[in-house]
Amino acid sequence: KPLTWEMVSKMAAQGIIIGSHTKSHALLTNENADAVRGELRESKLALETRLRIPIHHFAYPDGRFNKTVVQAVSSAGYRYAYGICRERDPEFPLLTIPRKVLWEHSCLSAMSKFSSAMMNCHVNWVFGERECSRHDHVSIPQMEHYANAS
């Protein structure tokens with residue numbers, strides 16, 4: 001079940017860092033600049049208003065980002081942002097921090113039991129050295145350029 005505001009407030013009061021993930025979970029690399037700014041701004045404002053704390057952390061929906069989105073995240077006032085790609089933007093290293101996503105059942109053995117070996121492999125990037133692709137880092141106009149050039 002989703003967290004309630006009461007639960008999130010309690011977590012924040014206990015010292016858990018709360019971050020934003022957009023207003024509607026929009027895949028930002030597919031949105032226009034106005035929509036991206038709105039998703040970032042409205043989510044941050046809602047959290048800051050309800051929790052009465054500054055929000056500095058952001059997780060890219062689906063872990064995807066491109067230069068335009070990273071710049072919008074910076075402009076929105078976030079200090080740290082997390083994606084699922086090990087590739088970092090040298091201009092914005094703190095806004096392109098890699099994180100490892102462990103999906104449901106991803107750390108189970110063939111016997112459907114938790115496997116520390118499987119978890120270790122996932123955490124250490126044994127499966128899929130680079131879990132993102134070029135489309136994760138280009139804007140819509142760039143994507144259209146690549147499609148037309150083929």
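Where do Lys-44 and Glu-48 lie, and how many residues apart are they? Both are in helix 2, 4 residues apart, which is about one turn of the helix. Before going on, please note that this is a predicted model.

I will stay with that pair for a moment. Lys-44 and Glu-48 form a salt bridge, with 2.7 Å between the closest N and O atoms. Lys-44 is buried, because its relative accessibility is 11% and the limit for buried is under 20%. Glu-48, at 25%, counts as partly exposed. In general, side chains of opposite charge can pair when their charged atoms come close.

The count of salt bridges comes to 6. One of them joins Glu-42 and Lys-23, at 2.8 Å from N to O. This pair links distant parts of the chain: Glu-42 sits in helix 2, while Lys-23 is in the loop between strand 1 and helix 2, 19 residues apart. Glu-42 is partly exposed, with a relative accessible area of 37%, and Lys-23 is exposed, at 57%.

Then there is Asp-89 with Lys-67, where the closest N and O atoms are 3.0 Å apart. Asp-89 is buried, with a relative accessible area of 11%; Lys-67 is partly exposed, at 35%. The pair is also part of a network of salt bridges that links Lys-67, Asp-89 and Glu-91.

Strand 2, residues 57-59, pairs with strand 3, residues 80-83, in the parallel sense over 3 bridges. If you want a position to look at there, Ala-59 stands opposite Tyr-82 in strand 3.

Now the nonpolar side of things. The largest nonpolar core contains 20 residues. Those with the most contacts inside this core are Leu-28, Leu-40, Phe-58, Tyr-60, Val-73 and Leu-95. Helix 2, residues 33-51, and helix 3, residues 67-75, each supply at least two residues of the core.

I will take Tyr-60 as the example. Which residues does Tyr-60 touch, not counting residues up to four places away in sequence? Among them are Phe-65, Val-69, Val-70 and Val-73. Tyr-60 also touches Ala-81, Tyr-82 and Gly-83, along with Leu-95. His-21 and Arg-99 are on the list of contacts as well.

Two backbone positions deserve a look. His-25 has a positive phi of about 65° although it is not a glycine. His-25 is in the loop between strand 1 and helix 2 and is partly exposed, with a relative accessible area of 48%. Asp-62 is the other position, with a positive phi of about 60°, and it is not a glycine either. Its place is in the loop between strand 2 and helix 3. Asp-62 is partly exposed, at 37%.

Last, the cysteines. How many disulfides does a search of the whole structure find? The number is 0. For Cys-107, the nearest cysteine sulfur is that of Cys-121, at 9.5 Å. Cys-107 is buried, with a relative accessible area of 10%, whereas Cys-121 is partly exposed, at 23%.

One residue in contact with Cys-107 is Ser-115, which also touches Leu-108 and Ser-109, again not counting residues up to four places away in sequence. Ser-115 lies in the loop between strand 4 and helix 4, the helix being residues 116-123. Is Ser-115 buried or exposed? At 12% relative accessibility, Ser-115 counts as buried.

That is the end of my tour.

Note on methods
Residues numbered from 1 in each chain as written. Predicted model: local features only at pLDDT ≥ 70, side-chain atom pairs only at ≥ 80, totals over all residues. Heavy atoms only, no water. Disulfide = S-S within 2.5 Å. Buried < 20%, exposed > 50% of the residue type's maximum accessible area, 1.4 Å probe, protein only. Pairing = 2+ DSSP bridges. Core = buried A, V, L, I, M, F, W, Y, C linked by side-chain atoms within 4.5 Å. Contact = heavy atoms within 4.5 Å. Salt bridge = Lys/Arg side-chain N within 4 Å of Asp/Glu carboxyl O.
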